[in-house]
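Reader: I would like to go through this model step by step, with the criteria behind each term stated as we reach them.

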Amino acid sequence: MPNVRLLIALLSICVLTIAACGGDDDDEIETSPTIFVPQDTAPAPTAVLQAQPDPVQPLEDQVTAVAGGLIEIGAASALYAPNHWSMTLGETVTIRVRNADTQEHNLRLAGLDGQYDTDDDAITSPSPISPGESGELTFVPQVAGNYTFRCDYHPDSMGGQIEVQ
């Protein structure tokens with residue numbers, strides 16, 4: 001019978017432990033404190049196109065409209081042709097540069113900050129574009145205005161502009 005006595009003793013301890021842990025119904029239920037996290041409900045800043053660099057290459061008088069989401073630009077004799085484009089705000093375009101020159105080229109589009117060689121620039125891939133090859137970049141303007149582009153390898157002679165309306 002020692003096993004029965006041991007079992008009764010263990011059950012008694014369990015009952016006493018449960019009874020001691022219980023509270024009466026008048027006790028308030030403890031809850032964790034509520035933590036309020038402030039939310040930034042201010043509207044996101046509106047993107048603004050900063051003044052762009054002047055195109056180093058004279059712009060063509062004729063503005064070429066984007067057709068079918070594609071801008072095709074030739075690079076030859078260290079010049080872009082055509083180099084003056086127009087497109088619609090929010091339109092997605094692929095800019096394709098075909099290198100018909102004997103030198104390497106690329107196309108760098110200045111971003112919203114209006115400066116070259118910053119994180120918001122768009123640049124063709126591959127860069128450089130070897131003679132006889134093509135490179136591309138995708139451009140989706142979020143702000144209307146005139147965006148300037150240039151060749152990093154010929155920054156004093158190759159440039160152009162895309163007018164976003």
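Reader: How many helices and strands does the protein have?

Author: This is a predicted model, in which local features need pLDDT of at least 70, side-chain atom pairs count only at pLDDT 80 or more, and totals for chains, interfaces and linings use all residues. Residues are numbered from 1 along each chain as its sequence is written, and side-chain values use heavy atoms, with hydrogens and water left out. Helices (H or I, at least four residues) and strands (E, at least two) are DSSP runs, numbered from the N terminus. On that basis, the protein has one helix and ten strands.

Reader: Which strand pairs with β5 in the antiparallel sense?

Author: Strands pair if DSSP finds at least two bridges between them. Strand β2 (residues 70–76) runs parallel to β5 and is joined to it by six bridges, with Gly74 opposite Arg98. Arg96 has Glu136 as its bridge partner, and the antiparallel pairing, over six bridges, is with strand β8 (residues 134–139).

Reader: Is Thr148 buried or exposed?

Author: Thr148 lies in strand β9 (residues 145–150). Buried means under 20% relative accessible area, exposed over 50% and partly exposed in between, with a 1.4 Å probe and protein chains only. Because its relative accessibility is 0%, Thr148 counts as buried.

Reader: Which residue's backbone oxygen does the side chain of Thr148 reach?

Author: Contact means heavy atoms within 4.5 Å, and, not counting residues up to four places away in sequence, Thr148 touches several residues, including Gln52, Asp54, Arg108 and Tyr116. The backbone oxygen that its side chain reaches, at 2.8 Å, belongs to Pro53.

Definitions and conventions: Polar contact = N/O pair within 3.5 Å; in protein donor to acceptor, adjacent residues only side chain to side chain.
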